[in-house]
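This briefing is for a reader who has not seen this structure before. It covers packing, charged pairs and the surface.

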Amino acid sequence: MKKQELLRTILPAAILAGICISIGCVVNLRVGGVAGAVLFAFGLTTVVYYGLKLYTGTAGFIRRQGDWTMLCVVLLGNILGCLLTAWMIGYAQPDCIEPASKILTGRLAKGPAACFLLAIGCGFIMTTAVEFARKGKMLTLLLGVPVFILCGFAHSIADAFYFLVSPTAQLLQTDVLIVYICEVLGNFVGCNLYRWLLFFAPKE
C-alpha cells in the first residue's frame, strides 16, 4: 500500500476508530460494572459499522505476506485518536481521571507478563467478534466486548485511552511503556491465535 494512501485513507479511519473506542472507555469509567461493560460495546459497534481501522480488528486479518506498515499506521492512528479524546475528557470530565488511574495502577501491579497473557484473551475475543460481525452476526460483537472487560482482559487501544487520561506523573513511569508494548504484542498473538492453531490442525 502506497504511503499516500496510508495517510489519506487508513490514518484518518484509524484516528476515528481510536475516538470511538475512547467513547466506550468514557462510559465504562463513568458507569462501571456490567452496565459499563455492555455500553462500551457502542465503541466497537461503531467501528465495525463505519468500516474504521482498529488495531484489534485488523491484526487478525492481515494478508499472509504481511501488511505490517499498514498495521503500524493503524496502531498509531488509534493512539492519536485516544490522545485527542483523553485531552478533551481530562479537561471536560475530570472525574474520569481517578478511575482511569486505578486501571493503570492495576496493569502495573500485574506486570508485563500478565498483561501480555491477558491481552491474548482480548485479541482472540475481538477477532472472533469482528469475524461474526462481518457476516452480519452482531450479537457476538455485542457480547464479546463485555466479556473481555469483565474477564479483566487487556485491550491495547482501550488501555491507550485509560493510560493517557491518567495523571501525567503516573503515565511517564518507564514501566508503563513496557506494559503497553506487551499488551500490543499480546493482542496480536490473540488476534491470530485461531489462524495459527488451525494451520497445524489435521486436515480431513
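Leaving out residues up to four places away in sequence, Phe-161 touches Ser-22, Cys-25, Val-26, Leu-29, Cys-82, Thr-85, Ala-86 and Ile-89. The model is predicted. Phe-161 also belongs to the largest nonpolar core, where Phe-40, Tyr-55 and Phe-161 touch the most other members.

**Nonpolar core**

- The largest nonpolar core has 53 residues.
- At least two residues of this core come from each of helix H1 (3-31), helix H2 (33-50), helix H4 (68-92), helix H5 (97-110), H6, H7, helix H8 (156-165) and helix H10 (174-200).
- H1 gives the largest share of this core, with 11 residues.
- In soluble globular proteins, nonpolar side chains tend to be buried together.

**Cys-82**

- Cys-82 sits in helix H4.
- Is Cys-82 buried or exposed? Cys-82 counts as buried, because its relative accessibility is 0% and the cut-off for buried is under 20%.
- Apart from neighbours within four places in sequence, Cys-82 is in contact with Gly-18, Ser-22, Ile-157, Ala-160, Phe-161 and Leu-164.
- Ser-22 is among the residues that Cys-82 contacts, and Ser-22 is also one of those that Phe-161 touches.
- Cys-82 and Phe-61 are 21 residues apart along the chain, and their C-alpha atoms are separated by 23 Å.

**Thr-58**

- Thr-58 is part of helix H3, which spans residues 55-58.
- The relative accessibility of Thr-58 is 8%, so Thr-58 counts as buried.
- Which backbone oxygen does the side chain of Thr-58 reach? The side chain reaches the backbone oxygen of Leu-54, at 2.7 Å.
- Setting aside residues up to four places away in sequence, Thr-58 touches Lys-53, Met-70, Leu-71 and Val-74.

**Salt bridges**

- How many salt bridges does a search of the whole structure find? The search finds 5.
- Arg-107 and Asp-159 form one of them, with their closest N and O atoms 2.7 Å apart.
- This pair links distant parts of the chain, since Arg-107 lies in helix H5 and Asp-159 in helix H8, 52 residues apart.
- Both Arg-107 and Asp-159 are buried.
- Glu-98 and Lys-102 meet through their side chains in a salt bridge, at 3.8 Å from N to O.
- Glu-98 and Lys-102 both lie in helix H5, 4 residues apart, which is about one turn of the helix.
- Glu-98 is exposed, because its relative accessible area is 53% and exposed means over 50%.
- Lys-102 counts as exposed too, at 56% relative accessibility.
- Glu-131 and Lys-135 form a salt bridge whose closest N and O atoms are 3.7 Å apart.
- Glu-131 has a relative accessible area of 26% and is partly exposed, whereas Lys-135, at 59% relative accessibility, counts as exposed.

**Surface patch**

- A nonpolar patch on the surface is formed by Met-138, Leu-139, Leu-142, Leu-143 and Val-147.
- Together these residues have about 430 Å² of accessible area.
- Where does Met-138 lie? Met-138 lies in the loop between helix H6 (112-134) and helix H7 (139-150).
- Met-138 is partly exposed, with a relative accessible area of 30%.

How values were computed
Residues numbered from 1 in each chain as written. Predicted model: local features only at pLDDT ≥ 70, side-chain atom pairs only at ≥ 80, totals over all residues. Heavy atoms only, no water. Patch = residues over 30% accessible without salt bridge, like charges linked within 9 Å, V, L, I, M, F, W, Y side chains within 5 Å. Areas by Shrake-Rupley, 256 points an atom, 1.4 Å probe, with all protein chains shown as cover. Salt bridge = Lys/Arg side-chain N within 4 Å of Asp/Glu carboxyl O. Buried < 20%, exposed > 50% of the residue type's maximum accessible area, 1.4 Å probe, protein only. Polar contact = N/O pair within 3.5 Å; in protein donor to acceptor, adjacent residues only side chain to side chain. Contact = heavy atoms within 4.5 Å. Core = buried A, V, L, I, M, F, W, Y, C linked by side-chain atoms within 4.5 Å.
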